[in-house]
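This briefing concerns a predicted model.

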Amino acid sequence: VVKFRRTGESSRSDEDVISGEHEVQIEGVRTELEPVELEDGAAVPKEFANPTDDTFMVEDAVEAIGFGKFQWKLSVITGLAWASNAMEMMILSILAPQLHCEWRLPSWQVALLTSVVFVGMMSSSTLWGNISDQYGRKTGLKISVLWTLYYGILSGFAPVYSWILVLRGLVGFGIGGVPQSVTLYAEFLPMKARAKCILLIEVFWAIGTVFEVLLAVLVMPTLGWRWLLILSALPLLLFAVLCFWLPESARYDVLSGNQEKAIATLKRIATENGAPMPLGKLIISRQEDRGKMRDLFTPHFRWTTLLLWFIWFSNAFSYYGLVLLTTEFFQAGDVCSISSRRKEVKAKCSLTCEYLTEEDYTDLLWTTLSEFPGVLVTLWIIDRIGRKKTMALSFFVFSFCSLLLFLCVGRNVLTVLLFIARAFISGGFQAAYVYTPEVYPTATRALGLGTCSGMARVGALITPFIAQVMLESSVYLTLVVYSGCCLLAAVASCFLPIETKGRGLQESSHREWGQEMVGRGSHSPGVTRSNSGSQE
């Protein structure tokens, strides 16, 4: 019990005014506190906030409740979505050579089988973001997961090439909605834990790719590629079942005017975490149109949107380009021998059949494991130097390693440079996943992430023509394209107008960034905010 004396005017009853002393029960606060007397006209400290006059927003509640059992469960479920997504993407590199041999497909049809997935992802990313902003994050996520699950299993029964081409395109259409799990995840995380948690989700991506390779080693020699497609979709079934446990985002509920549901969700989280709810009344944010493309181009967000689109494009363009280049460089032994090898190799039949060997699967595993150092480095620096500088540093290191490939280095040095480049570009990708949900308000957060994801798919679509087609003509021109693109992306990262490090998620597009919570206990003039129930 904390006792304090209020002087001056008060809205209390006459009996309270006569006594002049009030008692407020605050859970989790030590009792050995001295009475505090306030000067006339002084503001009541947040520790002694009046519970009947106080108000709070969802951001305050999430910070006060903190990170606990609920967030741990949510981390595992979100991670499962990422692992399932990674498996559906990794299967492309395993399925292509198998169908190339079994159905005697020419090379361009094998390449088209990969490209059609990215076409589906690109065309649907904005749509899933719009659905998530209009009808809820949970709704959009469930529909996209069930869509991917259905067509993923169905593609295992494809009788001919045209069928599997269409079905894998529809799978890509569903995968475009999986990044919305990050939107839902971020809106339940307290500020201090948000960057680290979103970055650690990348670990599940790596786990998913490793699991897919191991599954292929076991299934392909005995059951074949059809069973591999079916079994690879089963983690999505598990996620679809667990989706029913997921609550809708409290931020979305408040923005859409559903205050009671938001309070019920916050109480559920507080109960699971064993933490008290903030005292006072939940403020309903101004209701506004949600999921409108024009909101991404308001004067406040126009430059942010354009720069982020280029940053996401460059991330996917460079990441998938490096994956393709790695195979080419390893087969040649070093960069300088690629050109001479191209001249020596005669015209090769496009129907030449080569199944994946055990050594190929081992190389796939090593390539995947190279992403773990990138996540750890990004995890260490993102809250120290900020989101913008982290992305800029990742692009710069990738560009620098690309330029070093101009030297005729040996196989060992080549491996080191490629792994460093992949580690940093994958870390930069995750930094973009941290920054993007933080910079957009709740009304357009899912749409903003969806459009950025769509631009990334454009980069993934274009990069095979650089890493494979242009490489046939000039190795050095190919490296200049990737290095130059990442240098521009590094500059774009530095020119982003908003740094989100240490800031709360923006609730409304009608509030300026300076009016949002900047750390706990910070206030902007003229804005009434509550921190009751917050724990320092």
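Aspartate 383 is partly exposed, because its relative accessible area of 26% lies between the limits of 20% and 50%. Arginine 387, at a relative accessible area of 2%, is buried.

**Salt bridges around arginine 387**
- Aspartate 383 and arginine 387 form a salt bridge in which the closest N and O atoms are 2.7 Å apart.
- Glutamate 438 also forms a salt bridge with arginine 387, with the closest N and O atoms 3.0 Å apart.
- This second pair connects distant parts of the chain, as glutamate 438 belongs to helix H18 (residues 411-439) and arginine 387 to helix H17, 51 residues apart.
- Both glutamate 438 and arginine 387 are buried.

**Other salt bridges**
- The count of salt bridges comes to 5.
- Glutamate 88 and arginine 168 form a salt bridge through their side chains, at 2.9 Å from N to O.
- Glutamate 88 lies in helix H3 (residues 69-102) and arginine 168 in helix H6 (residues 161-175); the two are 80 residues apart, and the pair links distant parts of the chain.
- Glutamate 88 is buried, as is arginine 168.

**Packing of H17 with H20**
- Helix H17 (residues 387-404) packs with helix H20 (residues 475-494) at an angle of about 160 degrees, and their axes are 8 Å apart.
- H17 is therefore roughly antiparallel to H20.
- The contact comprises 13 nonpolar, 4 polar and 1 charged residues.
- Residues of H17 in this contact include Met391, Phe395 and Phe398, while those of H20 include Leu479, Tyr482 and Cys486.

Notes
Residues are numbered from 1 along each chain as its sequence is written. This is a predicted model: local features need pLDDT of at least 70, side-chain atom pairs count only at pLDDT 80 or more; totals for chains, interfaces and linings use all residues. Side-chain values use heavy atoms; hydrogens and water are left out. Axes are lines fitted to C-alpha atoms, for helices over the stretch in contact, and angles run from 0 to 180 degrees between N-to-C directions. Helices (H or I, at least four residues) and strands (E, at least two) are DSSP runs, numbered from the N terminus. Angles under 35 degrees count as roughly parallel, over 145 as roughly antiparallel, 65 to 115 as roughly perpendicular and the rest as oblique. Contact means heavy atoms within 4.5 Å. Ala, Val, Leu, Ile, Met, Phe, Trp, Tyr, Cys and Pro count as nonpolar, Asp, Glu, Lys and Arg as charged, and the others, Gly among them, as polar. A salt bridge is a side-chain nitrogen of Lys or Arg within 4 Å of a carboxyl oxygen of Asp or Glu. Buried means under 20% relative accessible area, exposed over 50%, partly exposed in between (1.4 Å probe, protein chains only).
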